[in-house]
Amino acid sequence: MKINLIRKAEKFAERKHERQKRQFPPDEDYVNHPKRVAKAIKNLGLDDKYIIAALLHDVVEDTNTSVKEIEDEFGEDIAIIVDELTKKGNEEEYAKHFFDCDKNIALIKLIDFYDNCKQLPYLNKSYRTRYSYFANKYYLPLAKKINKDIYESIKMCFVNVPTLN
């Protein structure tokens, strides 16, 4: 039954992110991003609810989908996780809250951040500076605390980035 729910979440994400493209790589279907995050979560051996939440992690933030709709489709547990992952208001407060939330939710966020960091060489100086700030202040210390492999992966994203100066 859980496999069917994962497949349902994948189809739901595909439908909700339909016509959305990522800037880099050029014209990549946006839904590939949450699919990569979900695959990494699965490879870490996390429970199915975290795989499903990873597939849905950007649906509320980037589409006209509500947390209530997620709850109706996938249940309260998954809706709570997706809500935790949805950026609301102040970006600093959002980043800080991952230090106090469920470790598995924080892992989804770290993998999400890592996948986004792969775009750094293609982003303008302002975005690179912002990513660097959030990586150094929040996401690298968090990753160092809960998963050394993700820590090293995020750190490596900044090695070959065009200068931030």
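Lys11 and Glu14 both belong to helix α1 (residues 2-16), where they stand 3 residues apart, about one turn of the helix. Helices here are DSSP runs of H or I with at least four residues, strands are runs of E with at least two, and both are numbered from the N terminus. This is a predicted model, in which local features need pLDDT of at least 70, side-chain atom pairs count only at pLDDT 80 or more, and totals for chains, interfaces and linings use all residues. Residues are numbered from 1 along each chain as its sequence is written, and side-chain values use heavy atoms, with hydrogens and water left out.

Lys11 forms a salt bridge with Glu14, and their closest N and O atoms are 3.4 Å apart. A salt bridge requires a side-chain nitrogen of Lys or Arg within 4 Å of a carboxyl oxygen of Asp or Glu. Lys11 counts as partly exposed because its relative accessibility is 39%; Glu14, at 23%, also counts as partly exposed. The terms rest on relative accessible area: buried means under 20%, exposed over 50%, and partly exposed in between (1.4 Å probe, protein chains only).

## Other salt bridges

The structure holds 20 salt bridges. One of them joins the side chains of Asp83 and Lys88, with an N to O distance of 3.4 Å. Asp83 has a relative accessibility of 29% and therefore counts as partly exposed.

Another salt bridge links the side chains of Lys118 and Asp115, at 3.4 Å from N to O. Lys118 is partly exposed, because its relative accessibility is 42%, whereas Asp115 is buried, because its value is 5%. Elsewhere, salt bridges that share partners join Arg7, Glu10, Lys11, Glu14 and Lys35 into one network.

## The surroundings of Arg22

Arg22 is located in strand β1 (residues 21-22). With a relative accessibility of 5%, Arg22 counts as buried. The side chains of Arg22 and Asn116 are joined by a polar contact of 3.2 Å. Such a contact is a pair of N or O atoms within 3.5 Å; within protein, one must be able to donate a hydrogen and the other to accept it, and residues adjacent in sequence count only if both atoms are side-chain atoms.

When neighbours within four places in sequence are left aside, the residues in contact with Arg22 (heavy atoms within 4.5 Å) are Asp27, Glu28, Tyr30, His33, Arg36, Asp115, Asn116 and Gln119.

## The nonpolar core

The largest nonpolar core has 56 residues, and those with the most contacts inside it are Ile41, Leu56, Ile70, Phe74, Phe98, Ile108 and Tyr139. Helix α9 (residues 125-146) supplies the largest share of this core, 9 residues. A nonpolar core is a set of buried Ala, Val, Leu, Ile, Met, Phe, Trp, Tyr and Cys residues joined through side-chain atoms within 4.5 Å.

Leu56 touches Ala9, Phe12, Ala13, Ile70, Phe74, Ile78 and Val82, not counting residues up to four places away in sequence. Lys8 lies over the face of Phe74, at 5.2 Å from the ring centre. A charge sits over a ring if NZ of Lys or CZ of Arg is within 6 Å of the ring centre and within 35 degrees of the ring normal.

## A lysine in helix α9

Lys145 lies in helix α9. Lys145 counts as exposed because its relative accessibility is 57%. The C-alpha atoms of Lys145 and Asp48 are separated by 23 Å, and these residues are 97 residues apart along the chain.
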